[in-house]
Amino acid sequence: MSESKTTVDVASADAVTMAPPPKLVWETPKIEDVSEQVMAQPYIRFT
Amino acid sequence: MTYAIDSLRAPLLVTWQLTRDCDLCCLHCCTDSAPGKRLRDELDADEAMRVVRGMVDVGVPYVMLCGGEPLVVPHFMDVAEALGSAGIQLKIETNGQRLDARLVERLARLPIRSIQVSLDGDTQAVYERQRPGASLAKAHAACRAIRDAQLPLEITFAPSKLNLHEASAVIERARSLGAFRFNTGRLMRVGTAARTWGKLAPSKEQYRAFRAELALQERVLEPAMQFCYLPFSIEDGLRAALEQPPATLLVLPNGWVKVAAAIPEICADLRRETFVDAWRAYREAWRCGPVRAAIRAAIEDESLHGRANAWQVLQVIQV
């Protein structure tokens with residue numbers, strides 16, 4: 001396991017692939033919002 | 001483009017790897033875990049409780065505690081109880097080697113959505129080939145203790161050349177143990193698995209047969225037991241994530257926050273930043289050109305996943 005530093009300037013045209021989002025109303029997530037698939041957590045398998 | 005994550009004050013799920021340490025040294029491990037592999041800079045109990053408070057304050061609804069093996073962490077129960085007493089729903093991932101009735105009794109007081117036990121074989125010989133030194137009897141006993149306490153049991157199966165011939169038996173075992181979900185997918189070429197890939201990786205034909213078996217068993221056993229195996233591969237998951245990044249935060253044992261499991265980029269450090277700032281950094285990372293390029297590269301070339309644990313800190317410059 002190692003660490004290296006990568007500097008990314010999000011203001012540069014090369015670094016940004018899309019415009020920032022419009023201002024949205026923030027919602028506090030509820031457990032009902034968590035889908036069965038997210039519940040199962042398929043993003044990191046097999047520790 | 002607007003992402004769904006931009007409208008959320010907090011992630012839906014935080015996956016928290018409490019430690020890299022483990023009491024087993026599994027050949028397929030995606031986190032490079034093994035005995036003595038605790039990182040020197042892992043969060044201590046006080047720091048972990050500060051992270052807990054951050055999650056509670058921002059309103060995270062669901063946290064998965066994993067590792068390594070989370071049960072080897074001395075402050076595991078303190079973290080679980082602090083999260084649970086604040087109403088955060090929990091999933092615990094364990095190898096089941098040290099989950100006894102006493103511990104299950106404490107966990108049963110918490111809002112547990114799932115306790116996931118790894119069963120990577122249905123005979124001791126096959127199970128132990130993939131999980132050297134592990135006891136299948138202990139894992140089964142842990143599963144029975146979970147069910148005896150009326151807690152939700154989930155089984156995960158890491159497919160490999162070593163164990164695929166026992167996949168059907170493990171599914172049947174999961175059903176007979178009373179599991180509510182069977183969780184699997186393509187083996188991840190990350191961590192220890194990247195180094196043992198030649199020994200473990202199933203062939204295309206083996207995967208084809210496995211998926212056919214999963215589809216068949218799903219038709220027979222659902223809804224009594226759910227099947228979760230999609231997205232089947234990391235690449236499928238990353239492709240979907242580029243379109244709509246998942247509202248999930250992956251916290252490493254030292255408090256760093258990873259953008260996605262299969263790439264090395266780190267977007268925040270919970271030792272130095274608040275949870276709110278870490279969530280903001282994660283959302284920004286998905287708009288960051290180099291991160292998106294790394295994800296596209298990982299979709300194109302599976303061998304790059306082997307670098308995912310050589311973490312790289314992104315320093316996103318605000319203007």
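Here is a short walk through this predicted model, from chain A to some loops of chain B.

Where pLDDT is low, predicted coordinates should not be read in detail. Chain A contains one helix and one strand, and 26% of its 47 residues are buried.

Now turn to chain B and the loop that runs between strand 1 (13–17) and helix 1 (45–58), where you will find Asp23(B). Asp23(B) counts as partly exposed because it has 17 C-beta neighbours inside 10 Å. Apart from neighbours within four places in sequence, Asp23(B) is in contact with Pro35(B), Glu69(B), Val72(B), Gln97(B) and Arg98(B). Its C-alpha atom is 8.7 Å from that of Ala134(B), 111 residues away along the chain.

Asp32(B) also sits in the loop between strand 1 and helix 1. Its phi is near 60 degrees, a positive value in a residue other than glycine. With 20 C-beta neighbours inside 10 Å, Asp32(B) reaches the cut-off of 20 or more and therefore counts as buried.

Gln150(B), in the loop between helix 5 (136–148) and strand 5 (153–156), has a positive phi near 60 degrees too. Gln150(B) counts as exposed, because it has 9 such neighbours inside 10 Å.

Finally, look at two prolines. The bond from Glu222(B) to Pro223(B) is cis, with omega near 10 degrees, and Pro223(B) lies between helix 9 (204–221) and strand 7 (226–228). The bond from Leu230(B) to Pro231(B) is cis, with omega near -5 degrees; Pro231(B) lies in the loop between strand 7 and helix 10 (234–243).

Methods: Residues are numbered from 1 along each chain as its sequence is written. Chains are lettered from A and ligands numbered from 1 in the order in which they are written. This is a predicted model: local features need pLDDT of at least 70, side-chain atom pairs count only at pLDDT 80 or more; totals for chains, interfaces and linings use all residues. Helices (H or I, at least four residues) and strands (E, at least two) are DSSP runs, numbered from the N terminus. A residue is buried if 20 or more other C-beta atoms lie within 10 Å of its own, exposed if 12 or fewer, and partly exposed in between; C-beta atoms are placed from the backbone. Two residues are in contact if their C-beta atoms, placed from the backbone, lie within 7 Å.
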